[in-house]
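Subject: The structure I promised you

Hi,

Here is the structure we talked about.

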Amino acid sequence: MTVRDQMQDALKGHGADFVEIRLEESDSSRIQYRAREIEETGRTSGRGGSVRAAVKGGWGFVSFNDTDDLESRVKLAVEQAHAVGDAKTELAETEPSVADVPPVLVNDPGNISLSDKKDRMDHYNDLIWSTPGIQSSTVIYADNRRRVHYVNSEGTAVDQEFVHVICYIAAIARDGGDVQQAGFSIGSLGDYGLTEGLDDEIRAVGKRAVDLLKAPGIDGGERTVILDPVLAGVFAHEAFGHLSEADHVYESDQLKEIMVLGRQFGQPHLNIVDGGAIPGLRGSMSYDDEGTPTKRSDLIRDGVLVGRLHSRETAAKMGEKPSGNARAISFNHPPIVRMTNTVIEPGDASFEDLFEGVDDGVYVRNWYGGMTEMEMFTFSSGEAYRIRNGRIEEMVRPVKLSGNVFKTLHQIDGIGRDLGMNQGGGCGKAGQSPLPVSNGSPHIRIQNCLVSGA
Amino acid sequence: MADLFQSAKDAGFDQAEVYRVSSQSQPIRFEANRLKEATRRDTSGAALRVIKDGKLGLSATTDPAMETDLPARLEELISFGAEASFELPGPSNVPEVDIFDPAVESLAFDAMVETGQTLIDAVREGWPELNCSASVSRGVHSQNLVNTAGLDVGFRQTSYSVGFGGELVRGDDMLSVWEGFAASRMFTDTDWMVESLRRQLEWARNTASTPTGQVPVIFTPRGVSAVLLRPLLGGFNGKSVMTGSSPIGDRIGERVIDERISVFDDPTIDGAIGSRPVDDEGIPSRRMALIDHGVVSNFLYDLQTAGRMNATSTGAAGRGLSTLPGPRTSVLDVAPGETPYDDLFLGIKEGIMVERLLGAGQGNEMGGDFKANVSLGYKIENGKIVGRIKDTMISGNVYDALSKLEAVSDTAEWVYGSLRAPAIRCLGVEVAAAS
């Protein structure tokens, strides 16, 4: 009997409004350096599963490593859902899907020996140390293969496999109590080739860490900022992506009013999309973790809110269509509404157009992270440069930036015609982190953006 | 369990250790003022760590059927491993730490539901428009270590946590408030959480303009936890010290901040989340000053970092299942000062109070710098809180701010169960705001 048959057998006579089973196998490798030496080389394999059940609008969820007795897990999840539910289960209709989706593999890291991977990372770590004045370094290489089997009580049965590769490189320089760092983080779906040809970028990182020790600070306040595609991608994710997740909205009449489709959030040049169906990126997949086919969703079109990200439950409760955005970081967690690949679409400004007329501003590049709480959000740059009279001048200490969804999107007054994707990040929400996502954008210019001191 | 350890011994490694964990947690979650989800998570797994010819390796699995493959995998990996700078420890005397409560283990589902619903109903009595969520969770965790030096040590620990909060929406102005507590022992007094939420809502009733520049800042215990402690303690981690990237790694015995600040790492506090009798390498727990009256006292070392620094492990090892151990804080205890809480506000003409932050920690903190959006903070005017500040950022350096210390409150409060801190008033923080 196949795994799928066993899972479908376990669903028989479940006694709930809806039940789904997920089983996973995973295999991960990791090479990590700290300073001049290898810190850790490890390999981990995982196995486990979960069952989620809905009864009268209440959810039961059980997760486990021992996948032998699925019937009893189904029973327990259904019992839990019974203990919670006292209203009505609402799930948007979807056509049942049956599929077996192979992994996207461009250059399979599974075909590369550990010794070859290590040789490459040895070389990169040596490169960092070729810069005079380096105090320490971090190099992390990891790849992960994850196979997911999914069935639900409506006949959907989907097997999917994902291979992710990530690489993080940072250089640290110190002068007494002043410790500065520079680095970058990259990732890919199924492509070991990601790790090729990074020499120039790594040399630049080493130099930047050392140069940061002499870089001046900057006063906090409102400034004109120009974001590179990587940081602008993080901005798209934080500034708007999170608030477009319908699970924030669907149970609040007030938020439904505020986030009403048709509301103007930015100028007419602003277009933001999200979708697992955008191919070849870290947030790409054919089906989400409820077995719903993914798509490409317009969130903002011509500055106007036109869509949002849904699970089947949020879609049903808001009378909208599921978007294929229910995602679980692993079998240990129930799927919740998440982003996939979030992109600000290119506009028509050239790089020079954006800088023209900026008498006193900051050019911010690269990223450390970002966070959102309700309408406020932050995103932190990895590099920052003063702009004077339209020209990029001296490097300053990296700043953190802050915005408000109701103001900041309107303040975007320039959108470049380039496009870059940030694939080195992971998203955290409700204890599920880091979920593979990507985000991207052209260069963008924001007027009066709140910038921290640095 | 004997199987994996035995096969590791048979495989001929010089030293071997099996770390085994098993945990079960049962959280329930409320959404939109009502019970939404009941969860049960069972997790278990084993990690094999070995030393061979001076090299260190680790392999782990959550699949019991894969366990017997781990020694062979390590044979392949070990030549790529780090240089081991230690030997696995043998048995030693382990302190008693009270971290298991049968009342948590046997807590009924209905009692958890009642706890959550009571909190939500209580706060919504005065604030019916508040959209509340809550979570109540109980869990049992057990772990065990055996190694070729004769160590065989383990413990069981319960955890119980209650958290709840709400969102208030007035036009485009949104407020999120939250309170919570966790312990390894059962607690039933949750009235103070309702009071805390009411206080946050009351203080945030009006919105006030942010005073900018260098103004006096009061960090509440939660604020201290959110923004000051991480950049400060990063420099005490044995890995930063070992690589020379700690700003205070060469300043042991020197005073680096105001003498009114003492910070202890203490895994022996009964009932705290993070307490345990031994660390994750089997070294006995003890209370240890990191900063004693402003003076750098001890660093956090595990076996590997201690070995590199010719020091001994301070029992600070923490680990996930699939990674090598590393130095970590356990329970942080920041000593209270001498100023009554209400007196912290005295003489502040214009200042701010910081409760919760957004984005703290995302940036270069290695030298003690901090930068964050104040997601919940208030304006102080003439010694009184006059309203919530929004679209505000703070930045500074923790060594600088804690040298420009103005007062430390005479009481310390638990923040979510693994950290105890007083409120701190200081200068040296730059405040910026949107107009």
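One term before we start: two residues are in contact if their C-beta atoms, placed from the backbone, lie within 7 Å. Also keep in mind that this is a predicted model.

**Where the two chains meet**

**Chain A as a whole**

Chain A has nine helices and 24 strands. Its radius of gyration is 23 Å, close to the 22 Å that the globule rule gives for 454 residues, so chain A is as compact as a globular protein of that length. Its C-alpha atoms fill a box of roughly 70 × 55 × 35 Å along the principal axes. Buried residues make up 57% of the 454 residues. Now take the contacts in chain A between residues at least 6 apart in sequence: 73% of them join residues at least 24 apart.

**Two helices side by side**

Next, find helix 3 (residues 114–129) and helix 4 (residues 199–212) of chain A. They pack at an angle of about 35°, with their axes 8 Å apart, and helix 3 of chain A passes helix 4 of chain A in a right-handed crossing. Which residues make the contact? From helix 3 of chain A there are Tyr124(A), Leu127(A) and Ile128(A), and from helix 4 of chain A there are Asp199(A), Ile202(A), Arg203(A), Val205(A) and Gly206(A). By class, these divide into five nonpolar, one polar and two charged.

**A sheet with a helix on it**

Chain A also has an open sheet of six strands, in the order 11-10-9-14-23-20, with mixed pairing. Strand 11 (304–305) and strand 20 (420–422) of chain A stand at the edges, each with a single partner strand, so one side of each has no neighbour in the sheet. For strand 20 of chain A, strand 23 of chain A (residues 438–441) pairs with it in the antiparallel sense over three bridges. There you can see Asn422(A) opposite Asn439(A) of strand 23 of chain A.

Helix 5 of chain A (residues 229–241) packs on this sheet, and its direction makes about 110° with that of strand 23 of chain A. The strands it touches are strand 9 (272–274), strand 10 (297–301), strand 14 (341–344), strand 20 and strand 23 of chain A.

**One residue in a loop**

Leu261(A) is found in the loop between helix 6 (253–258) and strand 9 of chain A. Is Leu261(A) buried or exposed? It is exposed, because it has 12 other C-beta atoms within 10 Å, and a residue counts as exposed with 12 or fewer. Leaving aside residues up to four places away in sequence, Leu261(A) touches Leu305(A) and Val306(A). Leu261(A) and Ile300(A) are 39 residues apart in sequence, and their C-alpha atoms are 9.4 Å apart in space.

**Over to chain B**

Chain B has nine helices and 22 strands. A compact globule of 435 residues would have a radius of gyration near 22 Å, and the 24 Å of chain B agrees with that. Of those 435 residues, 54% count as buried.

Finally, look at strand 22 of chain B (residues 430–433). Glu430(B) and Ala432(B) point one way, Val431(B) and Ala433(B) point the other way, and all are buried. In general, side chains in a regular strand alternate between the two faces of the sheet. Strand 22 of chain B runs antiparallel to strand 8 of chain B (residues 213–214), joined by two bridges, with Gly213(B) as the bridge partner of Val431(B). Four bridges join strand 22 of chain B to strand 19 of chain B (residues 392–397), again antiparallel, and there Ser395(B) stands opposite Glu430(B).

Happy exploring!

Methods
Residues numbered from 1 in each chain as written. Chains lettered and ligands numbered in written order. Predicted model: local features only at pLDDT ≥ 70, side-chain atom pairs only at ≥ 80, totals over all residues. Rg over C-alpha atoms; globule rule 2.2 N^0.38 Å. Buried ≥ 20, exposed ≤ 12 C-beta atoms within 10 Å, placed from the backbone. Axes fitted to C-alpha atoms, helices over the stretch in contact; angles between N-to-C directions. Left-handed = near helix turned anticlockwise from the far one by under 90°. Nonpolar A, V, L, I, M, F, W, Y, C, P; charged D, E, K, R; others polar. Pairing = 2+ DSSP bridges.
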